[in-house]
Amino acid sequence: MPTITKLCSMAEASEHKTKGDCWVVIHDKVYDVSSYMDDHPGGDDVLTAAAGKDATDDFEDAGHSESAKELMKKFFIGEIDPTAPTIPNKQDNHSNQSSCNISQKVIDFTKQYWVLPVTIAGISVVAGFLFLHKKLQ
């Protein structure tokens, strides 16, 4: 008897992103990992961060073992419907832009104010040499 696979849209998957109701999408397959949150070796915050979105890259980057991939089958609930329209999550885009802006500001700040730490380090080195020279006399 063939198994029936539930088709889910990304919009539907994105509604399940809490610790008690957590779906992740990996390789266009949907997994309900709500019951696995406390057992996940990386902690529940890793799964919560990947919840409701395509976590394929995160999953592959983590280098999961074959046994972890086998365990995933237990949580499989469906596949992403390729015909469903994908609606970008405006809130996620905003938070990504926000974090990019913050990191860009930090980079700009360090480029602009590199003189101060270099000056402090230089003064410290000179003071150390003067102290040692005076102590050796």
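In which sense do strand β2 and β3 pair, and over how many bridges? I looked this up in what is a predicted model. β2, residues 17–18, pairs with β3 in the antiparallel sense, and there are two bridges.

Next I picked out one pair of partners. Thr18 has Asp21 in β3 as its bridge partner.

Strand β4 covers residues 29–32, and four bridges join β3 to β4. These two strands also run antiparallel. Here I noted that Ile26 stands opposite Lys29 in β4.

Is β3 mostly covered or mostly open? I found it mostly covered: of the six residues in 21–26, five are buried. For the protein, buried residues make up 21% of the 137 residues.

Last, I zoomed out. I listed six helices and five strands in the protein. From the N terminus on, the order reads β-α-β-β-β-α-α-α-β-α-α. Among contacts with a separation of 6 or more, 64% join residues 24 or more positions apart. The protein exposes about 10400 Å², and carbon and sulfur atoms supply 61% of that area.

Note on methods: Residues numbered from 1 in each chain as written. Predicted model: local features only at pLDDT ≥ 70, side-chain atom pairs only at ≥ 80, totals over all residues. Heavy atoms only, no water. Buried < 20%, exposed > 50% of the residue type's maximum accessible area, 1.4 Å probe, protein only. Pairing = 2+ DSSP bridges. Contact = heavy atoms within 4.5 Å. Areas by Shrake-Rupley, 256 points an atom, 1.4 Å probe, with all protein chains shown as cover.
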